[in-house]
Amino acid sequence: MATDTKTTGDAAPAAKGTTLLEARGVTMRFGGLTAVNNVDLTVSSGEIVGLIGPNGAGKTTFFNCLTGLYIPTEGQVTYKGTVLPPKPFKVTAAGIARTFQNIRLFSNMTVLENVLVGRHTRTKEGLWSAILRGPGFHRAEAVSREKAMELLDFVGLADKAEHLSRNLPYGEQRKLEIARALASEPGLLLLDEPTAGMNPQETRATEELVFAIRDRGIAVLVIEHDMRFIFNLCDRVSVLVQGQKLVEGTSQVVQSDERVIAAYLGTPFEGEPGEAEAAEVEAAEAGAKEEGK
Amino acid sequence: MSTQTTSPAERTALLPVIPPNVARATATAGGVLTAASAFLAWTWTSAFPGDLTISGYPGGLQVLTLVAGVLTALFGLASYGVRGTRWLAPAGANGPVLLLALGALGTTWYTLLAISAELGGLANWEPGAWFAAIASVLAVVGALGLPFDEKAAASLGAPAPGATPLQQAWHTVRLALAPRPLRAAKRVPAYQEILIIVGILGLGLLVFTYGIGTAYGELFVGFLILAAFGVAAASKAGLLARASEITSRYRGVTMAGAFVAAALFPFTQTDDQYATVGVNILIFATVALGLNIVVGLAGLLDLGYVAFLGVGAYAAALVSGATASSIGVHFPFWAAVLTGAVASMVFGVAIGAPTLRLRGDYLAIVTLGFGEIFRIAVNNMDGKSGPDVTNGSNGIPNIPDVNIFGLDLGATHDIGGFTLGRFANYYLLMLLITAIVVLVFSRSGDSRIGRAWVAIREDETAALAMGINGFKVKLIAFALGASLAGLAGTVQAHVQYTVVPDPYQFAGPVPPNSAFLLAAVVLGGMGTISGPLLGAALLYLIPYKLQFMQDYQLLLFGVALVVLMRLRPEGMIASRRQKLEFHEDDEELLGPDPVAATGTEDSVGLSKAGA
């Protein structure tokens, strides 16, 4: 099967199975605190992988390790077989782009300029070229603008290109962040809670957007707390608890794993009230409600 | 429903007791009478500068009153909708009438009070002075009775519920001055628009030449009062927005025209006195513009920037062939310029490489330190406390004049009947350097690298994650800013005949020093081209013209900074970004589409014509 997909999938939805990102034994310690402990993760091309876990599980720290913002204490991250350099801008140049949990747009730049900044690694025009303004400069600027507008069109912000990004509504700021990340022409997009603070419709729209990104041949690794979003979207879900990977598998596997439920909701303690007691409490509550009316 | 819904309609004017048509007539007539008063004798003796004793001929400060009165009357007519004057106020004439009447009141009463203060009492007022005083008050009273513009009032809305009386009063003032949305411009043929640009630039040159040529402090103060109210009125009338609309359509023409206008300045002068001022302003402004790359675009607070000017000046002095130079070489000027720029760049990289890893406040402190280190090091390299390079505190005197292709800039030249003295020559040379710096600034700012600078300023972490090599990009900004300052320094060394270490300090009474440079950028407008040029011109001229307030200069300067930052945090000239940043609420006042209405980056034309 594997060979099959490799031969057919050279168009947009890239061949599943070629490993894009491989994190092996990533550990991040801050002093005595181990935020991420020996985590392995692989993302293959054409895949949408979810990373979930309770607050403080180390998901964002793990993201920062992947993108060079932190240098992992142990372990290594490879992208397309090469070890990632420990500098964020080199990671972006290598082909991994990200968004931030708390939106980090260039708020006093226009929407279009934000996306143009995203194209920084894919263009080369330096200071001399900017000052001398040869034909090459104009060509590169035109291409950049065209691609940026295409991306804005893709996320549905083309008509707001000249607005200041800080004036966009929240949901559109998230979209713009995604467009900015896509502008660096990544092979892998890391989304850090892309639907935080969104209403259900916006979340649905984001879901569609992530599928569309996947269809452009870009693998996606997404952190999210919205479980419906994750389980609708992801081919594979990885659960991080207290810095350690607990389980990894398809939505069904993760959903039915008791340890995951325990991590989110807590484990039953000794002498937990049995079903009979629970029913009693429920009945009592129902009675109280009736009286209240 | 608890909020007041009637507020905008509650007051229809600042002085609602006067019926609107009476108010309008009073304001216009007041303007005419004020203008007329300028032709009367205001005082009996010519002891007051400018000779205000002659009837039938406005002298000195009376000219300003005349101009203010005529403008008030013209805008009064425009508020009637008289044909031929309506173009003056595309955004409503009532606010501008008030501002101009206040300007007339300001200049007139300033003159009258100065007469009584300097000559000793009101007895020195001739009847003409009383007439002027009353006429200018009349114009203001009339203007106060003008009704608020309904559309503008609607867009401004009611004061916030629970506002203090002071806030409510401020809101009422804003109502009186609020411009209404710009009338759509009637497109005229291109040649006419270019003629308009020429007119604007000519006006700018005229105003600047008048300001720089004011022979005594009183006249300059009157000029500043009138200029401030005049610019405010032009802005409220929508003329500035209209002008930037046109100039942004012909950016190249405007830029070229502005430089032609600036180059014409020495030809308007009969002697070298004000060309000296002009060249000093240009040096100051050019360095401020270089600093604007570092501070305004890349957001790196550099408190020791003047050191790079010093490096350029010393480098040029050392290779100028001056006898005191420790290197006995004499480079041609172009080579000296390159040497200065490269030396500054090397210093910029040397200082930037270790310090640019710091962020924000730390960088400011470290650059402040390096700025002082430069001055002290230069002071010490005198052969006694260190190697003999810079001749210590004696500096390098007797720097020979620049000789470009056989043209001696130290000598007087006659061009087409105009005599250009030494400083006029250097003014033109410096203008060339300014042109280069303007070009570099505008081109680098609007490019991949310029966007990277702004991105770093906005959010360094996000910029790094977007693939920007933060350190490299910041170092480029730092080195570029340094070499532009060095460029200006090479000319400065020759203009001043001599370089000494002391002027290159953090703060001092004479610009350029680091504090003044930063102030010029912040006051003028960060990230713009015309802002620092205008800021530098004002910061140089005000202390130069008002020698009497020398002792309080830094105090007044501080007060001005505080006031401006409170009222107009984006500086006198706002970049398009900052206009949106600080005045989001007013966006609708700028017209249907703020971005389209204000055009690209900024209006280069007006101020550059002068600076």
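This is a predicted model: local features need pLDDT of at least 70, side-chain atom pairs count only at pLDDT 80 or more; totals for chains, interfaces and linings use all residues.

**Chain B against chain A**

The contact draws 34 residues from chain B and 36 residues from chain A, and the two chains bury about 3200 Å² between them, with 59% of that area on carbon and sulfur atoms. On the side of chain B, R448(B), R451(B) and M466(B) lose the most area to chain A, together 26% of what that side buries. R451(B) also forms a salt bridge with E141(A), in which the closest N and O atoms are 2.9 Å apart. Of the elements on the side of chain B that touches chain A, α17(B) gives the largest share, eight residues, and the residues of that side divide into 17 nonpolar, six polar and 11 charged.

**Domain 1 against domain 2 of chain A**

Chain A is assigned domain 1 (1-95 + 186-278) and domain 2 (107-184), whose C-alpha centres lie 28 Å apart. P186(A), L209(A) and R216(A) supply 38% of the area that domain 1 of chain A buries against domain 2 of chain A, more than any other three residues. R216(A) is also one partner in a salt bridge with E150(A), where the closest N and O atoms are 3.5 Å apart. On the side of domain 1 that touches domain 2, the largest share, four residues, comes from α8(A).

| Contact | Buried area | Salt bridges |
|---|---|---|
| Chain B and chain A | about 3200 Å² | two salt bridges |
| Domain 1 and domain 2 of chain A | about 1300 Å² | one salt bridge |

How values were computed. Residues are numbered from 1 along each chain as its sequence is written. Chains are lettered from A and ligands numbered from 1 in the order in which they are written. Side-chain values use heavy atoms; hydrogens and water are left out. Contact means heavy atoms within 4.5 Å. Buried area is the accessible area (1.4 Å probe) that two parts lose on being put together, summed over both. A salt bridge is a side-chain nitrogen of Lys or Arg within 4 Å of a carboxyl oxygen of Asp or Glu. Helices (H or I, at least four residues) and strands (E, at least two) are DSSP runs, numbered from the N terminus. Ala, Val, Leu, Ile, Met, Phe, Trp, Tyr, Cys and Pro count as nonpolar, Asp, Glu, Lys and Arg as charged, and the others, Gly among them, as polar. Domain bounds come from an automatic or database domain assignment.
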